[in-house]
Amino acid sequence: MKLRERIGVDLGRKIRLEEGIEWAAQNAVKFIDVQLDTGENVLTTFDAKRCAAVRKQLEKRRVRLGLHTRDGGVEVVSGLAAGQVLAVGGGSGMASMIAAIEAFAQQGARVVTAVGAKTAAELLFVERANSAGEVHIATDDGSRGFAGFAPALAEKLVNREKFDQILTCGPERMMKAVVDLAKRRQIPVQASVERYMKCGIGICDACSLDDQLVCLDGPIFTAEQLERFEEFGKFRRDKSGRRVPV
Ligand code: FES
């Protein structure tokens, strides 16, 4: 793909999403991004019917879509109608997930969040997640909540009740354990993969995950996509571009 073809346009909140997709197709723009906080694109307007229509329009027009909120959270539109959601966030991964947790709650989903961190002092967004649903805490040193890692806590929650889908973001080994748990229990999962991103438009290869680029092809992947990758949960690129263990 040529550089010009990789350039996207942030439509912000100025235009209705469906009109933005048409505009992009007419102007040979392959990537667009919209904000979901206010106006005609506010998250609560994305029911299952609108999500399905947007997916169809994107496929027909061959346009790829990014979504953002003022809090920086991202989530794929396809997941917004689920009823019972387990969110598993580790460390700074909670910063990427909190907007999704709140969006699912706004859509009427019951959201149970397992928040993990090394110590109680490093826990993030517990109060906001608590306002959106039920929260369980895991700390490596046992200073608050369950003494252990977030995937072990997630397994307890999966044993306790049925979930329609799992969201996860955090250290890659943690996410690998959560994805493996979801596969064993046959629960759909979306993992927001973290990589060093230098260019963000598919040039530098810093964010590679096997033959995919997290900045373009992700950052959210399903279990079906992740199981094809040899590097997920094992290798990433460091700041200098060397392939190193995660
Ligand atoms: S290719 Fe540069 S950040 Fe993805």
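Mentor: Let's start with a definition: domain bounds come from an automatic or database domain assignment. In this protein, that assignment gives domain 1 (3–68) and domain 2 (82–245). Residues are numbered from 1 along each chain as its sequence is written. This is a predicted model, so local features need pLDDT of at least 70, side-chain atom pairs count only at pLDDT 80 or more, and totals for chains, interfaces and linings use all residues.

Trainee: How do you know which residues make the contact between domain 1 and domain 2?

Mentor: Two residues are in contact if their C-beta atoms, placed from the backbone, lie within 7 Å. The C-alpha centres of the two domains are 25 Å apart, and the contact uses four residues from domain 1 and four residues from domain 2. On the domain 1 side, two are nonpolar, one is polar and one is charged. As for those classes, Ala, Val, Leu, Ile, Met, Phe, Trp, Tyr, Cys and Pro count as nonpolar, Asp, Glu, Lys and Arg as charged, and the others, Gly among them, as polar.

Trainee: What radius of gyration would a compact globule of 246 residues have, and what does the protein have?

Mentor: The radius is taken over C-alpha atoms, and the globule rule is 2.2 Å times the number of residues to the power 0.38. For 246 residues the rule gives a value near 18 Å, and the protein has 18 Å, so the two agree. The C-alpha trace spans about 55 × 45 × 30 Å along its principal axes.

Trainee: Why is β1-β2-β3 called an open sheet?

Mentor: Two strands pair if DSSP finds at least two bridges between them. β2 (residues 31–35) and β3 (residues 64–68) pass with five bridges, in the parallel sense; D33 stands opposite G66, and Q35 has H68 as its bridge partner. β1 (8–12) and β3 stand at the edges with a single partner strand each, so one side of each has no neighbour in the sheet. Neighbouring strands here are turned by 20° against each other on average, direction ignored.

Trainee: At what angle does helix α2 run to β2?

Mentor: Axes are lines fitted to C-alpha atoms, for helices over the stretch in contact, and angles run from 0 to 180 degrees between N-to-C directions. Helix α2 (residues 17–26) lies across β1 and β2, at about 160° to β2.

Trainee: What is the strand order in the seven-strand sheet, and which strands are its edges?

Mentor: The order is β7-β6-β5-β4-β8-β9-β12, with mixed pairing. β7 (146–147) and β12 (220–222) are the edges, each pairing on one side only. Further in, β4 and β5 run parallel, joined by seven bridges, while β5 (residues 110–117) pairs with β6 (residues 134–139) over six bridges, also in the parallel sense.

Trainee: What makes β5 largely enclosed?

Mentor: A residue is buried if 20 or more other C-beta atoms lie within 10 Å of its own, exposed if 12 or fewer, and partly exposed in between, with C-beta atoms placed from the backbone. Seven of the eight residues of β5 are buried, so the rest of the structure largely encloses it. Across the protein, 37% of the 246 residues count as buried.

Trainee: Why is R62 called exposed?

Mentor: R62 has 9 other C-beta atoms within 10 Å, so it is exposed. This residue is in the loop between α3 (48–61) and β3, and it has a positive phi of about 55° although it isn't a glycine.

Trainee: And what makes Q186 count as exposed?

Mentor: Q186 has 7 C-beta neighbours inside 10 Å, so it gets that label too. Its phi is near 60°, and its place is the loop between α7 and β9.

Trainee: Why do such angles stand out?

Mentor: Because most residues other than glycine have a negative phi, and most peptide bonds are trans. P219 is found in the loop between α8 (214–217) and β12.

Note on methods. Helix = DSSP H or I, 4+ residues; strand = E, 2+ residues; numbered from the N terminus.
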